[in-house]
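This report goes through the fold and the surface of one chain. The sequence and the model come before the text.

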Amino acid sequence: LGNTSQVLPESIKESRSAVPGHSWVDILPDGSVSIGDIWGSTIEMRGGHIILNASNGIQFVSGGSVVTLAGNDIIQKARNSMDLTSSEKQIRMKSQEDLFIHSETGGIQISSPATDSGKSLKTNGEQYQVPGITFLSGNGVSLFSNVFDVRLSSFFHLSGQQAGQYPYVAT
């Protein structure tokens, strides 16, 4: 991209703490913009895309909300761990079609310390309170496994009536 330190105004040259020639702000012949720093991080604006490339890390810090909207897909990948945390309220995921949760080599744990089974399932949004772990499905819940192990410290309750038939356990 070249050394642009000679074409920058003197006020900008003096404010830069990086070695001239190693950091740049370039407008390329096709109208693209390239910004780079001495540590190897760049911001590229080209072909309708903005590409952030950090040699170390990127942080988004906001005193309010951060909203991300995509016309197509959002893909987030991490080499190591990925955390999705809400410190005070809920995390909600929605899919118009199917929702897949997959672990390639390990297990999947769903845990909840909630013990109040009298909470309301009739509200929406942040007022919705789930009693422990609850599965809701209009078309049934299917479990496919070589082993199904249920360990209870209190009781097992199976109830309901559909078309005059009570549920049963097939062995």
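## Sheet and surface

In strand 3, Met-45 is the bridge partner of Val-33. Strands here are DSSP runs of E with at least two residues, helices are runs of H or I with at least four residues, and both are numbered from the N terminus. Two strands count as paired if DSSP finds at least two bridges between them. Strand 2 and strand 3 pair in the antiparallel sense over four bridges.

The model is predicted: local features need pLDDT of at least 70, side-chain atom pairs count only at pLDDT 80 or more, and totals for chains, interfaces and linings use all residues. Residues are numbered from 1 along each chain as its sequence is written, and side-chain values use heavy atoms, without hydrogens and water.

The chain holds one helix and four strands, in the order α-β-β-β-β from the N terminus. An open sheet of four strands has the order 1-2-3-4 with antiparallel pairing. Strand 1 and strand 4 are its edge strands, each pairing on one side only.

| Strand | Residues |
|---|---|
| Strand 1 | 24-27 |
| Strand 2 | 33-36 |
| Strand 3 | 42-46 |
| Strand 4 | 49-53 |

Among contacts (heavy atoms within 4.5 Å) with a separation of 6 or more, 11% join residues 24 or more positions apart.
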